[in-house]
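Colleague: I want to learn to read a fold by its elements. Can you take me through one?

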Amino acid sequence: MSPAPAPAALPSTDAVEAVPGPAGAPVLLCCEHASARVPAPWSVHPEDAPWMATHWAIDLGARALTLDLAARLGAPALLARFSRLLCDANRPPAAPDLARAEVEGHRLHLNRGIDAAERARRVARFHTPYHAALDAQLAPDPPQLLFSVHTFTPRYLDEVRTVQLGVLFDLHDALGARFAALLAPAGLETACNAPWSGKAGLAYSPDRHGRAAGVPYLELEVRNDLLATPDQVARIGTVVADALRALLPEVAALR
């Protein structure tokens, strides 16, 4: 009998939390907004502190769901270890909102007076290592599917969101629609490219790496009130993992 494949080497770093998985795992999970961490030399001003526990700073519940899925699927995962308010890993380095200046009318002390040199420092410490880790994990033996996990708030400014699960995609319309159909029997309101669209560049990270590696990719958006407790995380994790297992034979047919 051949020995079991050795676990893939996924070192955790200052920018990346790595969850190892077996070599040849069919899914690679990633989570760009997993943390509200603001490490030294940066710090959180007292006036900014209330925002660090909100969806502006972190995708609430996304890390817990990513870890749950990694365990259920036996999949490796890479999760960003820095707040999206410090440096947004799901935006291009030159994006105006790479380090958002304000939230809901509050000007963030964290991001006041940022110049090109400061943007470059943040990109070099956080953005570049996170994306380099994804590049390294995708080569030389890429998975069948790159799957990015995100969450969204039930209310965004004046908009109330009724959708509960969103499947974001750009290139893979049929695959995204099929995955949404596999999620729908769970009784959760599920929609494609909602509450925003992958076709509008809002799935930057999976799009960047999936295209470069020639790997099909999707981004899942879960309304964060569905992930408020461990039992809720387990419920959504079961639904999503079952749908991914059913989807994988169809993903393999694309390769």
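Modeller: This is a predicted model. Begin with helix 5, which has a kink of about 30° at Ala246.

Colleague: How far apart are the end C-alpha atoms of helix 5, and what span should its residues give?

Modeller: Count 1.5 Å a residue. Helix 5 covers residues 230-252, which is 23 residues, so it should span 33 Å. The end C-alpha atoms are 32 Å apart, which agrees.

Colleague: Which residues of helix 5 are buried?

Modeller: General idea: an α-helix has 3.6 residues a turn, so residues three or four places apart point the same way. In helix 5, the buried set includes Val233, Ile236, Val240, Ala243, Leu244, Leu247 and Val251. Gly237, Val239, Ala241 and Leu248 are also among them.

Colleague: What covers the buried residues of helix 5?

Modeller: The cover includes strand 2, helix 1, strand 6, helix 3 (173-183) and strand 11 (217-223).

Colleague: Let's turn to strand 2. How many of its residues are buried?

Modeller: 5 of the 5, residues 27-31, so strand 2 is largely enclosed by the rest of the structure.

Colleague: Which residues sit on which side of strand 2?

Modeller: General idea: in a regular strand the side chains alternate between the two faces of the sheet. Here Val27, Leu29 and Cys31 are on one side, with Leu28 and Cys30 on the other. Both faces of strand 2 are covered.

Colleague: Which strands pair with strand 2, and is the sense parallel or antiparallel?

Modeller: Strand 6 (residues 145-152) runs parallel to strand 2, joined by 4 bridges. Strand 3 also pairs with strand 2 in the parallel sense, over 3 bridges. Take Leu29 as the example. Its bridge partner in strand 6 is Phe147, and in strand 3 it is Ala77.

Colleague: What unit do strand 2, helix 1 and strand 3 make?

Modeller: A right-handed β-α-β unit, with helix 1 at residues 62-73.

Colleague: Where does Ser83 lie, and is Ser83 buried or exposed?

Modeller: Ser83 is in the loop between strand 3 (77-80) and strand 4 (102-103). Ser83 is buried, at a relative accessible area of 0%. Residues touching Ser83 include Ser35, Arg37, Met52 and Ala57.

Colleague: Last, the cysteines. How many disulfides does a search of the whole structure find?

Modeller: The search finds 0. Cys30 has its nearest cysteine sulfur, that of Cys31, 7.8 Å away. For Cys192, the nearest cysteine sulfur is that of Cys30, 19 Å away. Cys30 is buried, at 0% relative accessible area, whereas Cys192 is partly exposed, at 36%.

Conventions:
Residues are numbered from 1 along each chain as its sequence is written. This is a predicted model: local features need pLDDT of at least 70, side-chain atom pairs count only at pLDDT 80 or more; totals for chains, interfaces and linings use all residues. Side-chain values use heavy atoms; hydrogens and water are left out. Helices (H or I, at least four residues) and strands (E, at least two) are DSSP runs, numbered from the N terminus. Buried means under 20% relative accessible area, exposed over 50%, partly exposed in between (1.4 Å probe, protein chains only). Contact means heavy atoms within 4.5 Å. Two strands pair if DSSP finds at least two bridges between them. A crossover is right-handed if, with the strands pointing away from the viewer, the path from the first strand over the helix to the second runs clockwise. The expected span of a helix is 1.5 Å times one less than its number of residues. The bend at a residue is the angle between axes fitted to the seven residues ending there and the seven starting there. A disulfide is a pair of cysteine sulfur atoms within 2.5 Å.
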